[in-house]
Amino acid sequence: MTRFIVRRILLALPVLLGIMTAVFILLQLIPGDPALALAGEKASVEQVERVREEFGLNRPLPVQYAYFLKSAFTLDFGASLRTHQPVATELRQFFGATMELSVAALCIALLIGIPAGVIAATHRAQPLDYGAMLIALIGISTPVFWSGIVLIYLLSFRLGLFPIGGIIGTGIKLDRITDAYVLDSILTLNGPAFWSSLHHLLLPAFVLATIPMAIIARMTRSSMLEVLGQDYLRTARAKGLREQRIVVRHALKNALIPIVTAIGLQFGGLLSGAFLTETVFGRPGLGRYVVAAIGARDYPAIQGTVLVVAIIFVFINLLVDVAYAAIDPRVHYA
Amino acid sequence: MALDTQAMRPAAGLGAPPPQNPPPAPQLASAPRTSAGLWRDAAHRLRRDHAAVAGLVIILLLLIIAIVAPQITPYDPNDQSFRIKLKPPSAEHWLGTDEFGRDVLSRVLVGARVALYVGTIPVIVAMIIGVTLGLAAGYYGKGLDQVIMRVIDILLAFPWLLLAIGIMAVLGPGINNVVIAVAIVYIPAFARIVRGSVLSIKEKEYVEAARAMGQPNPQIIVRHVLANAWAPIIVLATLSIGQAIIYAAGLSFIGLGTQPPNADWGVMLSSGREYLRDAPWLGFFPGLAILITVLAFNLFGDGLRDALDPRMQ
């Protein structure tokens with residue numbers, strides 16, 4: 001197992017280098033002077049020259065590339081043109097909120113998606129199956145930025161059940177450790193902050209969960225249908241085991257393997273969806289940060305976000321592969 | 001068992017059927033001549049699939065709307081009139097008016113043009129480039145395969161929105177740049193699925209026979225390999241169109257796509273969000289239009305996949 005993990009990490013390294021190279025090439029493709037782009041259009045001549053010197057932009061291209069790799073590895077992306085704060089500091093601040101939203105959405109997607117898929121599979125070709133799969137198909141076809149707007153209107157404006165947006169109630173104090181608000185309020189044992197941040201998290205997390213939920217339900221159904229036809233289930237039935245036990249202990253356990261892969265595949269979409277969901281709900285996070293950065297042509301911030309999120313994504317995929325190998329005994333580690 | 005979860009990962013989508021269930025290549029034991037039969041059988045199965053037929057009918061309706069939109073809109077979609085701004089749906093304005101007093105129905109109808117444009121063109125472009133790359137990588141193998149697939153791996157390492165944002169940051173906002181960005185997002189999906197099919201097809205006897213007869217490689221690739229790899233490509237393309245429409249609308253929603261005052265469902269949703277409390281219809285109808293369009297492509301794509309893969313029956 002250790003060998004497999006080491007091998008998998010080694011395989012991820014060229015991809016990381018590739019990501020950095022791709023971002024470097026993108027930066028080179030920005031029309032005009034890259035130093036001016038990184039310093040901002042309003043920068044003085046001295047500021048532009050300082051940026052040029054700092055990022056080695058007056059050197060030959062290979063040296064620039066080396067400078068770029070150094071800044072990428074040390075996560076030093078310079079200062080945001082919009083806020084004048086170091087991009088790395090800001091990314092750290094917003095990372096927690098975006099991850100919290102994504103993880104919460106994934107949990108909701110699993111909690112609803114897996115049982116829905118199991119019920120659809122065990123009631124194959126019955127109204128329950130058709131109903132669940134129709135809802136799943138609609139879920140897959142609905143953009144999060146629309147379901148978000150509709151649910152804000154119905155549940156927040158009309159029924160007043162949820163806050164309209166934001167991440168925590170105004171006036172609630174919270175010591176931030178990880179910048180994931182719900183987690184921080186648990187870590188600091190802050191009751192009011194916990195309820196407020198959870199209340200703010202639920203609706204956006206549910207909206208973000210709709211698409212992965214639908215996909216997980218569909219995956220679970222097809223995976224279960226495949227497993228339900230296997231001989232060992234007939235054996236289990238012949239032994240006289242209760243149907244519920246057969247479905248959960250014998251079928252679902254084996255059907256879970258492709259579902260784990262599906263979860264891994266969902267994460268890229270989840271992060272993209274989180275960016276849009278944050279924009280809809282006005283939640284601070286990486287998505288809102290990068291969207292504001294684009295509006296301001298804040299290239300250091302855009303570059304930093306693209307690079308950091310891609311690196312995180314590579315690590316998530318790595319974890320999924322390891323998890324996959326851990327739960328499926330048929331996978332060879334070597 | 002090889003651990004190749006990557007192989008199942010085309011565009012890290014906002015969630016769509018194509019990434020999860022790449023339709024397997026149809027297993028054709030004999031020569032390509034049977035492919036006409038395959039398509040006929042598939043068409044027969046497809047006709048009996050009511051959901052898929054419904055999807056196709058909606059797609060055709062949308063196509064007609066997109067073509068004749070300028071003739072059938074009740075008002076000029078860009079005609080502003082502050083006297084009637086933010087009016088709720090009524091007999092004069094079926095879907096209400098927006099913040100500039102423009103007719104929402106007219107804008108939704110004209111928006112269908114943009115939606116079909118940003119849905120189909122990037123997918124076609126991605127299909128042409130992705131299929132070419134996949135054929136080259138799968139057929140020639142070795143170094144070429146390594147180079148192509150590593151580039152694909154890097155593209156897949158970005159969540160789609162981020163990749164698109166990175167590209168748009170360089171190209172600048174605008175609908176044609178959305179087309180380029182979404183096309184690049186989809187190239188890996190096509191390249192991977194084609195490469196997978198090619199790897200199994202190139203071992204078949206009829207390819208070996210063609211090679212033994214001295215046919216040049218390009219001819220073998222087009223006449224024997226590609227001819228037998230079409231089914232999954234078509235399914236992926238159909239399912240991707242719906243997804244691409246959502247992607248493009250998402251980019252417009254965050255201000256990168258179609259620039260005002262042009263009608264675009266994503267842009268309309270974005271302003272609908274601003275006027276949500278007072279004018280909920282503003283965002284509701286364009287979003288519903290996206291949902292119906294994407295649902296139609298997904299229904300048809302799912303049906304197509306089932307029809308082309310008899311083993312799923």
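pLDDT is the predictor's confidence in each residue, on a scale from 0 to 100. The structure is a predicted model, and chain A has a mean pLDDT of 88, with 98% of its residues at 70 or more. Chain A holds 13 helices and 0 strands, and it meets chain B through a contact of 57 residues from chain A and 48 residues from chain B.

**Confidence along chain A**
- The lowest mean confidence in chain A, 79, falls in helix α2 (residues 34–39).
- The highest, a mean of 95, belongs to helix α7 (residues 144–158) of chain A.

**Overall build of chain A**
- Read from the N terminus, the elements of chain A run α-α-α-α-α-α-α-α-α-α-α-α-α.
- Along the principal axes, the C-alpha atoms of chain A fill a box of roughly 80 × 55 × 40 Å.
- Chain A has 334 residues, of which 45% count as buried.
- Among contacts in chain A with a separation of 6 or more, 70% join residues 24 or more positions apart.

**The side of chain B that touches chain A**
- Of the 48 residues that chain B brings to the contact, at least two come from each of α1 (17–20), α5 (142–156), α6 (160–171), α10 (230–253), α11 (265–274) and α12 (281–308) of chain B.
- The helix that gives the most to this side is α12(B), with 8 residues.
- By class, this side of chain B has 31 nonpolar, 12 polar and 5 charged residues.

**Helix α12 of chain A**
- Helix α12 (residues 286–295) of chain A is largely enclosed by the rest of the structure, because 7 of its 10 residues are buried.
- The buried residues of α12(A) are Leu286(A), Gly287(A), Arg288(A), Tyr289(A), Val290(A), Val291(A) and Ala293(A).
- Within chain A, these buried residues pack against α5 (87–122), α11 (243–281) and α13 (299–327).
- They also pack against α6 of chain B, a helix that supplies at least two residues to the side of chain B touching chain A.
- Just after α12(A), Arg297(A) takes a positive phi of about 50°.

**Arg237 of chain A**
- Arg237(A) is located in helix α10 (residues 231–238) of chain A.
- Between Arg237(A) and Leu318(A) the sequence separation is 81 residues, and their C-alpha atoms are 38 Å apart in space.

Conventions:
Residues numbered from 1 in each chain as written. Chains lettered and ligands numbered in written order. Predicted model: local features only at pLDDT ≥ 70, side-chain atom pairs only at ≥ 80, totals over all residues. Helix = DSSP H or I, 4+ residues; strand = E, 2+ residues; numbered from the N terminus. Contact = placed C-beta atoms within 7 Å. Nonpolar A, V, L, I, M, F, W, Y, C, P; charged D, E, K, R; others polar. Buried ≥ 20, exposed ≤ 12 C-beta atoms within 10 Å, placed from the backbone.
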